[in-house]
Amino acid sequence: MIGASSIRKEGRAKVMGTACYTDDKFVPDALHGVTVRSQVPRGILKGIQFGEGIPWGEFTIVTAADIPGTNRVASVVHDQPFLVGIGEEITHPEQPVVLLAHPDRRLAEKARKAVTLEVEERPAILDIQASLDLEQVIYGTHNLLKEIRIQKGDPEAVWASAAHVIEGEYHTGAQEQMYLETNAMVAVVEQEAAGLRVTVWGSLQCPYYVHGALKQLFGLPEGQVRVVAMEMGGAFGGKEDYPSVNAGHAALLAWKSGRPVKVVYDREEDLACTTKRHPSRTRLKTAFDAEGHLLALDVDFVLDGGAYATMSPVVLSRGALHSASVYRCPNVKVHARAVATNTPPPGAFRGFGAPQSLFAMERHMDVCARKMGLDAVELRRKNFLRMGDTMATGQVIREDLDLGGLMDRALEEIDYHRKRTTFAAANDSQNPIKRGVGLAVFMHGCGFTGGGESYLASVAGVEGLADGTVSILAASTEMGQGKNTVFAQIVAEALKLPFDMVETAEVDTDRVPNSGPTVASRSTMMVGRILEDAAISFKQALVQQGFLKEPYTADGFREAVAKAVATLGSVKCYGQYHRPPNIAWNDATYQGDAYPTYSWACYAAEVAVDLDTYEVKVEDFVAVQEVGRVVNPTLAAGQIEGGVAQGIGWGLWEEVTMKQGRMINNQMTNYIIPTSADLPQIRVVFLENPHPAGPGGAKGLGELPMDGPAPALINALENALGPLRLDEVPMTPDRLLGRYEEVTHG
Amino acid sequence: MAKQITLKMTVNGTDCVVTVHPFARLLDVLREELRLTGTKEGCGEGECGACTILMNGRVVNSCLVPVVQAQGAVVVTVEGLAQGERLSSVQDAFLTYNGAQCGFCTPGMLISATDLLNRCPNPTEGEIREGLAGNLCRCTGYAKIVDAVRAVAADGGAAK
Ligand code: FES
Ligand code: FES
């Protein structure tokens, strides 16, 4: 079962158009909720005016003053209000101030525009440098949302004596997740004997995050809040933390109106207001000996965290922990900061900080190779981590790691060496089309960072049903990645049952335990492992209670379960995360095993640049990775292909344009994601190396493919065009033209 | 409130009469009046293709079609592709090849792929990529979608 390309469980409903996404849910008598937002980046809210020509008496209106519980969104830090109240500070231009609901969607939209806010404006901080320079203090005492330091050895002692010391600065832009389904939420609030009961159905990755947020917003106990995950039209991290906000808004309107409320963002609102990938600036300083061995690395990593902490502390952590990439280095210093600006807070997006710091390091390796007159492939090979080596946090590589072999496979697939030679000759001609190949080698830590998994202590289980089949109980959500299918494969394998006898239960907090958020490439490896354990306990319990005898057939198992359910009423078994014995992490010193393991990869890209238009075409793309054992090869390849496409978009085209803290290209027409015509067939290779911590040897893979494309593409661009200041993504035609002119016009 | 108008359409082979706001979009009439929620809204501005349907045999973005233009039209949505429980060859290939991940682009993509294969039964990879370029997908990188369409062509086309 593990290793088979089983067909996606919910695939049939998806191709028939019957899969039920949030806005497809039929809700009789629902009101449509809309959000009035601040519009200015910083100021004090003085008043709210309701304009002429709107029948305000027909509207449900919610402001901060109405909130029954705590007006703070439960998150890593509880700093963000659901609504800004009069007299309070506005800290970014898309901040929710007033909620309106009406049965007529068009009228609700018209009313939203008729509300005006009186704001005493204050000077705003709109970028990383202004925040670091403390032009205004807008958060805490130093505008710092989070600061992390990692130290190994002493780089300061190396600079003076090293053969080569090379510095570089790299920038990455914001990126929109652009899930095809915008954020959507339906809420119902009922008055029960036990008190209020709040239920939401929504497009959300993490039901228990939303559950926690609603409890705090209404001041309710555990059992009075219910969150149901509907079919989800993509997420990529964009529905990790934001749904706590819009679920709260829908629930407030439902509570005040006494009617069901639907809040469905249109694309413009979704793009302007919801979370994105953090913009970054990375300064690197590296020392090498005469042969090119890396002796010291100093990393200064800064993320633009927007107006509130949201996910920034953890995004920063993952970025910092990936900043040395896959290289052995005796002396490392990392200083990482997430700084506040008066912009809508960024949040989670596939890769979670790692694409930013890996772009810098993998780009820097090519720059260093050029400056030292070495081959970029051989420079990497000299410095790769191997078994027994120690990473920056002191984590020892305990697996048999062969990054050289992984890289060689990618080079061979893309025919790297031959292309380098033929392109170099052809690029000398007058032809405006210049070609190049480039690569990046990188890793992605599986599961939560540091002590995160121990802290979560996730629970998941299996339940026997009356018809003798088995149901999986986990709060992990399906967003297209394939968890319904992969979980069923893992449990079917553990129980030696056919795939069809195992289904996943609807993700409803009334029914499923908290298996943790659906993020961090953790579902297959972490939750899958818990399910594997739960399934085995389930089977053992059936045997011990005398319902089942081993060996058994599928029919025998079905009868045993049916009989157990008939006799006992309900049969369930839960498992819980246990920290593997050899893993240790100290959050105070940032020392120890940052992740239980890593997935490893080498991506290679071939590009053609047209010097008449500065358009870049991706001619070929090879993605070679080691992700432990592959549970479902077809679904896994789909994850890699999709992630690579997003990575290519981030590297070349996807630009968020900001003005006064607001995204101004917030339409699909103006924010360009790749179409089928823009991409080559992405070639995916898995090298399998089963890992003992994962179910059946599997590791995480969902985020990995986001990390490699941008540096591989920009390295290929440098190969095509020669040394330009290619230090930033997206490298749009405009930006590339600018970089080219720096060289040609001095 | 503007006056409502009444129109007739044939949707997935069934004659329907709807009474709607004259400026309503065909997309909303399909989703809200006829409860055919398979057709999706991804952008509302003709960019993403999630709302793609066939109207009088031609592919259109239903978010851009005022419903008055659909008076008397023959409309096919994703719900009209299968024969009862039997999937069309294009649906079947999307299922087998993992052409649908989150599934939100899928209804529109299936309509465009069906139309492409009807017009061009043996498309090259380039023709498939060009033919589907009006339907955005954020999950798949299009690889498995292209595989699925190619497989249908190799197996005798969309009509099979
Ligand atoms: S919703 Fe019609 S094209 Fe996007
Ligand atoms: S499958 Fe998710 S957008 Fe295409």
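A bit of housekeeping before we start. Residues are numbered from 1 along each chain as its sequence is written, chains are lettered from A and ligands numbered from 1 in the order in which they are written. As the model is a prediction, local features need pLDDT of at least 70 and side-chain atom pairs count only at pLDDT 80 or more, while totals for chains, interfaces and linings use all residues; side-chain values use heavy atoms, with hydrogens and water left out.

Let's begin at the interface. Chain A puts 55 residues into the contact and chain B puts in 53 residues, where contact means heavy atoms within 4.5 Å. The two chains bury about 4200 Å² between them, 53% of it on carbon and sulfur atoms. Buried area here is the accessible area (1.4 Å probe) that two parts lose on being put together, summed over both. On the chain A side, A:Val15, A:Leu180 and A:Gln681 lose the most area to chain B, together 18% of what that side buries.

The rule finds eight salt bridges across the interface of chain A and chain B, each being a side-chain nitrogen of Lys or Arg within 4 Å of a carboxyl oxygen of Asp or Glu. A:Glu641 makes a salt bridge with B:Lys144, with the closest N and O atoms 2.7 Å apart. The rule also finds 30 residue pairs in polar contact across the interface of chain A and chain B, both residues at pLDDT 80 or more. A polar contact is a pair of N or O atoms within 3.5 Å; within protein, one must be able to donate a hydrogen and the other to accept it, and residues adjacent in sequence count only if both atoms are side-chain atoms.

Which elements of chain A give two or more residues to the side that touches chain B? They are α1 (11–16), α2 (105–114) and α16 (633–652) of chain A. Helices (H or I, at least four residues) and strands (E, at least two) are DSSP runs, numbered from the N terminus. Of these elements, α16(A) gives the most, with nine residues. The residues on this side of chain A divide into 23 nonpolar, 18 polar and 14 charged.

Axes are lines fitted to C-alpha atoms, for helices over the stretch in contact, and angles run from 0 to 180 degrees between N-to-C directions. The sheet is open, with four strands in the order β16-β23-β24-β27 (chain A) and mixed pairing. Two strands pair if DSSP finds at least two bridges between them. β16 (433–445) and β27 (682–686) of chain A stand at the edges with a single partner strand each, so one side of each has no neighbour in the sheet. The twist averages 15° from one strand to the next. Inside the sheet, β23 (residues 598–610) and β24 (residues 615–626) of chain A pair antiparallel over 11 bridges, and A:Trp600 has A:Glu626 in β24(A) as its bridge partner. Helix α18 (residues 709–721) of chain A lies across β16, β23 and β24 of chain A, at about 150° to β16(A).

A second open sheet of four strands has the order β19-β18-β17-β20 (chain A), again with mixed pairing. Its neighbouring strands are turned by 25° against each other on average, direction ignored. Four bridges join the antiparallel strands β17 (residues 459–464) and β18 (residues 470–473) of chain A, with A:Gly464 opposite A:Val470 in β18(A). Helix α13 (residues 483–495) of chain A packs on this sheet, touching β17, β18 and β19 of chain A. α15(A) packs on the sheet too, touching β17, β18 and β20 of chain A.

Most residues other than glycine have a negative phi, and most peptide bonds are trans. A cis peptide bond joins A:Glu550 and A:Pro551, with omega about -10°; A:Pro551 is in the loop between α14 (523–544) and α15 (554–568) of chain A. The bond from A:Val729 to A:Pro730 is also cis, with omega near 0°. A:Leu134, a residue other than glycine, has a positive phi near 55°.

Methods. Nonpolar A, V, L, I, M, F, W, Y, C, P; charged D, E, K, R; others polar.
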